[in-house]
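User: Hi! I'm new to this one. Could you walk me through it?
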Amino acid sequence: MKSLIINVSEILKIPGVKKKFDFYYELKPVCDAEKLNFIGPVHFNFTIENVDMKLNVKGKVCGKIGLICNRCLTEFERKTEVMLDEVFSSDKNELDEDEVFRIKNEKIDIRFVAEQAFLLSLPMKAICNDECKGLCIKCGKNLNLGPCSCTKKEIDIRLLKLKEFKEKLEKSNN
Ligand SMILES: [Zn+2]
Ligand SMILES: [Zn+2]
């Protein structure tokens, strides 16, 4: 079972039936592919249940997404798990309702719902680590790899000024 287009003809025959799906799939996103950069196969684990001839798809999808840190611009990967809880129907009247997807030729397509769930899970600003120090705004060095010379110079200048100030104080006291 390695397709995201699932033939549900058997499930549609028996009201109340529930079928389990558990598989890995190399997900190459169709929409917003640049945002959803999956690293390795994505784990799909869900059930399809026939409830009054509508299909409830419930479960979870888990994958590793490659992101770029907003602070230090380094690539990192984040394990992301999203929940699926969707209704599919062949009834045209119901399709006008929000959040109801279509059963086409006794098949449902899980790809779109999975991709949308992952897109919604993405942070507005990806940060590799809460402690990320980012890049030096002067020299651009990644400060997670150690301090750059700018900070050292600044401290030197501050110390120098402090020293001058002290000397002035001492002179004026004399
Ligand atoms: Zn970072
Ligand atoms: Zn610097």
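Analyst: Happy to! A residue is buried if 20 or more other C-beta atoms, placed from the backbone, lie within 10 Å of its own, exposed if 12 or fewer, and partly exposed in between. This is a predicted model, where local features need pLDDT of at least 70, side-chain atom pairs count only at pLDDT 80 or more, and totals for chains, interfaces and linings use all residues. Residues are numbered from 1 along each chain as its sequence is written, while chains are lettered from A and ligands numbered from 1 in the order in which they are written.

User: So is Met53 buried or exposed?
Analyst: Met53 counts as exposed because it has 11 C-beta neighbours inside 10 Å. Met53 sits in the loop between strand 3 and strand 4 (strands are DSSP runs of E, at least two residues, and helices are runs of H or I, at least four, numbered from the N terminus).

User: What about phi of Met53?
Analyst: Phi is positive, near 70°, although Met53 is not a glycine. Asp52, in the loop between strand 3 and strand 4, also has a positive phi, of about 50°, and is not a glycine either.

User: New topic: which residues of helix 3 are buried?
Analyst: Those are Ile110, Val113, Ala114, Glu115 and Phe118.

User: And which domains does the chain have?
Analyst: The assignment, which is automatic or from a database, gives domain 1 (5–121) and domain 2 (143–173). Taken over C-alpha atoms, the centres of domain 1 and domain 2 are 58 Å apart.
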